[in-house]
Amino acid sequence: MDPGSTQLQQAQLAAILGPDPAPFETLISHLMSSSNDQRSQAESIFNLCKQTDPNSLVLKLAHLLQLSPHVEARAMSAILLRKQLTRDDSYVWPRLTASTQSSLKSIFLTCVQREEAKTIIKKLCDTISELASGILPENGWPELLPFMFQCVSSDSPKLQESAFLIFAQLSQYIGDTLIPHIKHLHGVFLQCLTTSSSSDVRIAALSAVINFIQCLSSSADRDRFQDLLPAMMTTLTEALNSGQEATAQEALELLIELAGTEPRFLRRQLVEVVGSMLQIAEAESLEEGTRHLAIEFVITLAEARERAPGMMRKLPQFISRLFAILMKMLLDIEDDPAWHSAETEDEDAGESSNYSVGQECLDRLAIALGGNTIVPVASEQLPAYLAAPEWQKHHAALIALAQIAEGCSKVMIKNLEQVVNMVLGSFQDPHPRVRWAAINAIGQLSTDLGPDLQVQYHQRVLPALAAAMDDFQNPRVQAHAASAVLNFSENCTPDILTPYLDGVVSKLLVLLQNGKQMVQEGALTALASVADSSQEHFQKYYDAVMPYLKAILVNANDKSNRMLRAKAMECISLVGMAVGKDKFRDDAKQVMEVLMSLQGSQMETDDPTTSYMLQAWARLCKCLGQDFLPYMSVVMPPLLQSAQLKPDVIITSADSENEIDESDDESMETITLGDKRIGIKTSVLEEKATACNMLCCYADELKEGFFPWIDQVAPTLVPLLKFYFHEEVRKAAVSAMPELLRSAKLAVEKGIAQGRNDTYIKQLSDYIVPALVEALHKEPDTEICASMLDALNECVQISGRLLDESQVRSIVDEIKQVITASSSRKRERAERAKAEDFDAEEGELLKEENEQEEEVFDQIGEILGTLIKTFKASFLPFFDELSSYLMPMWGKDKTAEERRIAICIFDDVAEQCRETALKYYDTYLPFLLEACNDENSDVRQAAVYGLGVCAEYGGSAFKPLVLEALSRLNAVIGHPNKLQPDNVMAYDNAVSALGKICQFHRDSIDSAQVVPVWLSCLPIKGDLIEAKVVHDQLCSMVERSDMELLGPNNQYLPKIVSVFAEVLCAGKDLATEQTASRMINLLRQLQQTLPPSTLASTWSSLQPQQQLALQSILSS
């Protein structure tokens, strides 16, 4: 910068920070300017002041706050001061002199006393809380708490409210600092809640109490506040009695927060509290908003499973009352003509906000409390609704059934007959909205109670839906019947669906030609789903259906038909996949021509075609395989563009008054993170997720053919491993990682990688693997953690020894982290199981959550196995580090799955590292021997397999254990149910291990006894991998005329020949081709060398069909 302009700037700063207040006030007003230029210029000057002279700047702001006559200027200076005192990049406090610091603190406290404008007091309290949260813990503001206690006990409601506003925030930020004052605070809270006449003060006190309770970690401390609960509830009821519903709603929102975070605080007075809330919900004189909040409170308590499991199930009388309230809300519906005309999508024509809250809450209540609680209540209340004369009541009962199905699925499946009768009975109802609701219920039940519903009731449900498709007077009913066919067939096997296809497909073809667009759309999605579920059985309808579909694709091209065209694409691509490439090939070319021309046209941003087209292209690729490659250059550019969409995000502070404007019809989803509220446009996220899924599809389908695109796709997807706005985007990015590596590796191996070699694979792997490890470290969702471990495992398999030591180190460190996190989640669940109201239903849910953890452990086992197989002995130092994490998994208190995984990891080490693994035998073999007789068959299988490995590679280290090993194996082999499906794998592996002992430790056993036992177990037929090993071993023993195998006077020869016969008759399953041909040679030798009498008796011991099969094999 030239010296002239620097001087100019210094002069400007001097003026702004000088004694005359005017230039500074101008600067602040420019910061509030609506003109972007003026505002950004003011911002850069403000930041310059802050850099050069932070003391003068904050004092100027403080004086403005204290003295300016303009409300906006005072408000702005409070906001700016808070920003400067927030502990982030803009924090100036440490740069201020002691005297500035002390002036600021005293000005703030003076302002609290003097300021009259309510909005500014709130902002001022925010600023004070922000500063205090940074300096109070180190005793940097000793005057503050005495000042606040003084305000609370003053007779000024304004000061009382200000103090409580600050207490509430300090409890959130630095609750620990307030805990020493717990006694004093308790008295103050009680005093104000019970005696203050100002509703503002009571609400502020309520907020402070609730925030304070949440910061108390000890339940004893929380219990001291139990006696405030009646006064807290009185705040609410008094507001309602005096008609101050806005105040009541604030109180309800605070109590809902308490119910969500500290539900057990309410436990002792639960009956009174929930009773009051239900009274509010039932009071028809109150505003809807108030009643909805009271319901929200009760539902929040029911949902607080992690903190108070089972608590609400102990109050059946309340659940029944709440259910009745929600049922009544469903009656708030009008028969709007727009519903019947079926011109538009608005299915909710005539529905009120009561209706939609009732609907949503029934769903949440059922999911929170489960079927054992809700189904009895529903069975008690719904029949009266179904028997009543009013259509609204029938409608309500059917809607309720559909809403509770997800949460009550297990119990409803046990009572399917009753449920299906209730619904199908209404298919004939005179009112079309009731028929619609019945169809809607069948659709929902097909999803939630499938596949049981499909298997048991297809013969009643499908004909009923087919009949409903004939309701030409009511197109909305027809369309809904078609979409219920979609729900039904999604959970359906081809054998159930096929007998109905003639009827269903012909009806859907009639609907395709209907004048109403929504009916056509319904028919298209149903056809697509039916084709998808019936697969090759759909071929016979192909020639009838495809011309209609192509006609819609070509002709539906004005704006009002966009959705129709999009659904036609979906349908064509699913039909093509169902019938296969040969049947579809000719039409595929035409369809792709249409898609290519659409792809080139300008589409509006909200056009659904884009996302449907992305999916249709990917299905066409799956159907056509490598024949699709020529189209990739058309498909990829827009696909990458969709995958790179930036999420449309609006960020506001969580407590800001202006809710994110949801007036745009684009659905905005809001999430609250810390003190920020984030609004995101969901349509953008869905398109992005679809695109990422499709990229994954192409890489998976085209393998090395995808190579040319890797350099663009990898940098697009790798950053999305940490895309926390949308799970689907992360899942797709995760699944794509190994596919990209595999594509690169295959292309290099097949020499089609444009001259690139292993260095390229290493570069790609160096980019992908660390990114996956880092994303795994931050992943909040257990299921996605498991997928990430799975993807990482595949990447390690593909990259192999291209991984360097530091990458292996980071993977191992992350595995430790994952094991630790998973164990602590399990511990928290175990704690939950100790809660007072814990019951069987909670136990069920807990079990399901723990099964997710097993998936994580499973993947850990897999990835460690891969690392051991890849790096062999050089991985052992890492294995040693991990042993303190793995050893606990052998414990009796662990699940069978964890024990199995721990054993498999040791098996891998013993098998891959051979003699370098001998040092572990002392530690692990006692566990392994014990596990051979575990009650779980998978654990037994892993353990006996491990014994076989140790017998093969253990040499003298295994010798001392041979006899114990034999007795353990004997127990598995001699078990009465050894050949049941559950046990056969363990049995086969035990037989294989016994064979290894015979082979490698014959001098330590009584072989004349053991070898024949082994032979008597053959052939093995369950574990096809072990079968090939064992039968090969048998072959080698016969080839070297093993005396103990053949037995005295060749007495076991007939058994050997019959084993050979069974193995050879089973085709390629039980032996490799090489082993089979050795067996045939041995049999031919025996034919030539054995005395005819021995030969004849051997043959006669075989079953007739074995004799025939052997003769044909030997003579060929």
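Me: Where is P1019 found?
Reply: Look in the loop between helix 48 (1007-1016) and helix 49 (1024-1039). A helix here is a DSSP run of H or I with at least four residues, a strand is an E run of at least two, and the numbering starts at the N terminus. Bear in mind that this is a predicted model, where local features need pLDDT of at least 70, side-chain atom pairs count only at pLDDT 80 or more, and totals for chains, interfaces and linings use all residues. Residues are numbered from 1 along each chain as its sequence is written, and side-chain values use heavy atoms, with hydrogens and water left out.

Me: What is the peptide bond from L1018 to P1019, cis or trans?
Reply: That bond is cis, with omega near -5°. The peptide bond from G450 to P451 is also cis, with omega near -5°. P451 sits in the loop between helix 24 (432-448) and helix 25 (452-468). As a general rule, most peptide bonds are trans, and most residues other than glycine have a negative phi.

Me: What is the phi of Q535, positive or negative?
Reply: Positive, at about 50°, although Q535 is not a glycine. Q535 lies in the loop between helix 29 and helix 30 (539-555). R914 has a positive phi too, about 45°, and is not a glycine either. You'll find R914 in the loop between helix 43 (896-913) and helix 44 (921-931).

Me: Why is Q535 called partly exposed?
Reply: The cut-offs decide: buried means under 20% relative accessible area, exposed means over 50%, and partly exposed is in between, using a 1.4 Å probe and protein chains only. Q535 has 28% relative accessibility, so it counts as partly exposed. R914 gets that label as well, because its relative accessibility is 39%.

Me: What makes L85 count as buried?
Reply: Its relative accessible area is 1%, which is under 20%, so L85 is buried. L85 is in the loop between helix 5 and helix 6 (98-114).

Me: Which residues is L85 in contact with, leaving aside its neighbours within four places in sequence?
Reply: Contact means heavy atoms within 4.5 Å. By that test, L85 is in contact with Y91, W93, F108, T127, E130 and L131.

Me: Why is G522 called buried?
Reply: G522 is at 8% relative accessibility, so it counts as buried. It belongs to helix 29 (residues 517-534). Not counting residues up to four places away in sequence, G522 touches A479 and A482. The C-alpha atoms of G522 and S483 are separated by 5.4 Å, though these residues are 39 apart along the chain.

Me: At what angle do helix 4 and helix 5 pack?
Reply: Helix 4 (residues 54-67) and helix 5 (residues 71-84) pack at about 140°, and their axes are 8 Å apart. The axes are lines fitted to C-alpha atoms over the stretch in contact, and angles run from 0 to 180 degrees between N-to-C directions. V58, L61, A62, L64 and L65 in helix 4 meet A73, R74, S77, A78, L80 and L81 in helix 5.

Me: How many residues are buried across the chain, as a percentage?
Reply: Buried residues make up 54% of the 1116 in the chain. The chain has 54 helices and three strands. Its C-alpha atoms fill a box of roughly 125 × 75 × 70 Å, taken along the principal axes.

Me: Where does UniProt place the feature "domain: TOG"?
Reply: The unreviewed UniProt entry puts it at residues 368-605. UniProt positions are given in the numbering used here, feature names are shortened, and annotations may be inferred rather than shown by experiment. In the model, residues 368-605 are 79% helix and 0% strand, with the end C-alpha atoms 38 Å apart.
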